[in-house]
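This report goes through selected features of a predicted model.

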Amino acid sequence: MKKVFIYFLVALFLPVFSRGTHIVGGELFYQCLGGNNYRITFKLYRDGCPTCYIFDHPSSFYIFYGNGNLYKQITFDITDSINVPPIINNPCLVAPPDVIVWGIEIDTVVYLPPGSDYNVVYQRCCRNNTIVNLLDPGGTGSTYMEHIPDPATLCNSSPYFNVFPPIAICVGDSLRFDHSATDPDGDSLVYDLCTPYLGADQFDPMPTPPMPPPYNFVSYISPYSSGYPIDASPPLAVDPVTGKLSGIPTTTGQYVVAVCVKEYRNGQLIGEHKRDFQFNIVECGSQVVAAMPNYVTECDDYTVNFQNQSQDATYYYWNFGDGTTSTSATPTHTYPDTGIYYVTMMANPGWPCADTAYATVRVFPGLVPDFGFYSECAGKPIQFTDSSTTLYGNIISWNWLFGDGFSSSLQDPAHTYLTGGTYSVKLTVTNTKYCTKFITRNIVIYPLPYNSFTATTPCKGDTTFFTNTTTLASGSVIFWSWSFGSEASSNEQHPWYIFPDTGQYIVNLVSFTNNGCSDTFQKIISVQPVPVSAAGPDRVICSFDTIRIGDLPASGYTYSWYPQTGIMNPDSSQPLLTLSNDSNIKLPYEYFVTTELNGCTSKDSVLIEVYPDIRAAIPHQPGQCLYGNSFDFTAAGVFGTGATFNWNFGPNSNPSFSPFENPSSVQFITEGEHVVTLLITDNGCTSNDTDTVQIYTVPVAGFTLSEKEGCNPLTVYFTDESIAQSALSYLWDFGDGKADTSKNPVHIFSPEGIYNVTLTIELEQCKGFQSMIASAPVTVRPLPVAGFTAEPKEISYFNPYINFTDKSSGALSCLLLFGDGTSSYECTATHEYTDTGNFIIMQIVENVFGCTDTAIDRIRILPEYTFFAPRAFTPNEDGINDIYFTKGIGIAKFELWIFDRWGDNIYYTDNMNTGWDGRVNNGKKPAQQDVYVWIVKITDVFEEKHRYMGRVTLVK
């Protein structure tokens, strides 16, 4: 069974201390349960702040056999927390409110097989940078270890310390802390100050697992040591028999202190238990102030709850002035009768930092506040009547709060509320015995109706409709009274009215509620004149004619035309209108205009008639050759039976003009384009159309080709360059039995040989002319054949030789590409590879015509992994063995650290090709002849991780 507890001391240290989360102490102890079972308890402390709670998650401690081999790893999670405050035993001193320490406690039971002793170990880096008594505290780790004898020879339980060590110690104050321990077996215990173990570092802050014991110790800065760990006078000391820790600290700061307890049985030492901890020597406050209210008045009964406002005090003594006393911090006392009493309170009585406070207590119950009132409408004054009473003395002041932001000090005030609603009225009264009490009551103010109405905007002769929009917060409106600015009136909620003429009328509305409250509202109603509309005279037009309808605009008028068909600007007084008629009869269109002025409107209309549409059209005719051309024209489109025609064929025609509907046998005497025009007239309306007639010349065939000669297969792009004035038809013959009818074909010629290509074109017009033909030869050359073998296809990196054999034919030259950036013009060859991986091999061959062929194959060089490191080197600048390298193959990631005999890191690299030159201090001076420790971490090409450690001798 394993239990995990977490506790923390919350403090934010003085500015001199770090706010990091660093190791501040810990310990390991155990208990033999019998049957080779042991309960192991581990405690660890870190400092920090409330928002940076950090422990390793998960975390582990380790159990080693006595010979150094790992027996078991104990892994735990953090699941719970408690708060342990710092304690100062001197009531005249107060620790600063800013010290934070977190802790975890691991409690687990394990089975330890007999036949070996055991060491329980936990290692973690690092401690606080601000510790003043250690060398490089920020880089100094911690080791917590407990030795367990062989269960076969001794069922022993280690001692454990009884009390949590002090976190904050006041500078200049006498320290007397019981650091004693309890031994479950009753063994004799001896205490002394000792040195903490060193363990872990910044490069491997939480070893998994750590190295087995023995362990080195932390290094103190002079003049500090295990026997003199802090600045103190007299020095810090522990009683070897009782475990009492004493001394008077003289300097603030953070110090690491370790206390050891040795257990003896029958005079023989059987074990040692060690706990180290970070002591924080701080400035403690000593400002004890006794304080409470100077005057206390009790007006309800005879019992007084006293308020203690003292600062930094621990103990208290109260004298209530009636012969009774109390030592409570915040006492409650009941007096026997009314009267005035004088109270004394002492803070820390009997201590040098004691202080005294005094108060006068008046006990006079029996003051009862009360008042009366009557509700009214908003806007009317409300009379308040005081009816308060008192048993002792007389009432001398009244304070009224009316709940709407106003107040009064009169005994019987009157107050006017501006709006209706419920208001909380508070009356506070004070009598001559200094008693003050209040009473609060709600008063309901009846709301006024909020009168309002809306009305339609009237024009002369229109009916105006009124909508009553009066609102009331509560209650109901029971009566309305309307007047319309003349002799007319109404009691309807929503009346209507026709005003007699244009002009302005004042309309008035009065509303009455069921609570007798009323309101008046009035609005000016303007009756507007009616404007005059003018749509213009009726007219007859041709199809697609554009005309203007309507009349000149008037100031302030707006216009709207309907329908909007054909109207370009329907909001204008004189819009443009375009109409068409594709029927064979005259069509009527009627348009209406609505004219508006100040919301008043009038209408007018106009009739527009449209003659049938006249649309001249000339059907297009295909072009003809110059020789023997003859055209028959037809007048098309839309026109009536009374239409007249006027044809114009241009100056190079015979005839050039014609008045007939369908003229025939028209000839053109020159090649090119000729413009033909037709004008049709009907009912005075006209329409014209234009067309173009094309006269062609004889075409000429021709083409170019992208390649006349090339390697098999040969792709040739053909480009038509024929000359013609109209669309052509094409027929390509490629000389290999294949043909094409596109303008610019692409053709692939194969096998090798000579091909005669011909192009035949024919004009789509000018039928009867002989087809035009063009031709050209194409020559196709043969290809060589590439081929090779590669043996073997897979081979280890330790023997990376591949044999290549040329199998090509018909080639004049050969190039072999090995896939690793190298190549050879000898295609039968043996090649050595210097790296692992998959490689693509390519052979390229070429014949006498410059034609090429390519062959491809693949091989694989398999990776291998190995690592070795020399044991000595001689950095004497003789060019021989001057640099210390570790070597290996199959390495993906690499890191090397060099440490001196004191555990200081003096060299680091993550490049295996960069070695240590035997110098320290960033290369500033040579290292001394000595034995150094190296650590290497490797990730190989198979993504396996390796960690090596060894020693190298630097020889000069």
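The volume of the second largest cavity is about 40 Å³, and the structure as a whole holds 5 cavities of 30 Å³ or more.

## Strand pairing

An open sheet of mixed pairing is formed by 5 strands, in the order β67-β73-β72-β69-β70. Because β67 (794-796) and β70 (823-824) stand at its edges with a single partner strand each, one side of each is left without a neighbour in the sheet. Within this sheet, β69 (residues 813-817) and β72 (residues 837-846) run antiparallel and are joined by 5 bridges, with L817 having M842 of β72 as its bridge partner.

Elsewhere, β68 (residues 801-806) pairs in the antiparallel sense with β66 (residues 788-791) over 4 bridges, and 4 bridges also join β68 to β71 (residues 829-832), again with the strands running antiparallel. F804 in β68 is the bridge partner of A790, and F804 also stands opposite A829 in β71.

## Disulfides

A search of the whole structure finds 9 disulfides. One of them is formed by C125 and C126, whose sulfur atoms are 1.4 Å apart; with 70° about the S-S bond, this link is right-handed. C125 counts as buried at 6% relative accessibility, and C126 is buried as well, with a relative accessible area of 12%.

A further disulfide joins C542 to C685, with an S to S distance of 1.8 Å. The torsion about its S-S bond is about -80°, so the disulfide is left-handed. Because C542 lies in the loop between β43 (539-541) and β44 (546-548) while C685 lies in strand β57 (residues 685-696), the pair ties together parts that are 143 residues apart in sequence. C542 counts as buried at 13% relative accessibility, and C685 is buried at 4%.

C711 and C851 are likewise joined by a disulfide, S to S 1.7 Å, and with -95° about the S-S bond their link is left-handed. This pair links distant parts of the chain, 140 residues apart, with C711 in strand β59 (residues 709-711) and C851 in the loop between β72 and β73 (852-862). C711 is partly exposed, with a relative accessible area of 25%, whereas C851 is buried at 1%.

Definitions and conventions:
Residues are numbered from 1 along each chain as its sequence is written. This is a predicted model: local features need pLDDT of at least 70, side-chain atom pairs count only at pLDDT 80 or more; totals for chains, interfaces and linings use all residues. Side-chain values use heavy atoms; hydrogens and water are left out. Two strands pair if DSSP finds at least two bridges between them. Helices (H or I, at least four residues) and strands (E, at least two) are DSSP runs, numbered from the N terminus. On a 1 Å grid over the protein atoms alone, a cavity is a set of points where a 1.4 Å probe fits but cannot get out, and a pocket is an open set with protein on both sides within 12 Å along at least five of seven lines; lining residues have an atom within 4 Å of a point. Grid points are joined across faces, edges and corners, and a volume is the space filled by probe spheres set on the points. A disulfide is a pair of cysteine sulfur atoms within 2.5 Å. Buried means under 20% relative accessible area, exposed over 50%, partly exposed in between (1.4 Å probe, protein chains only).
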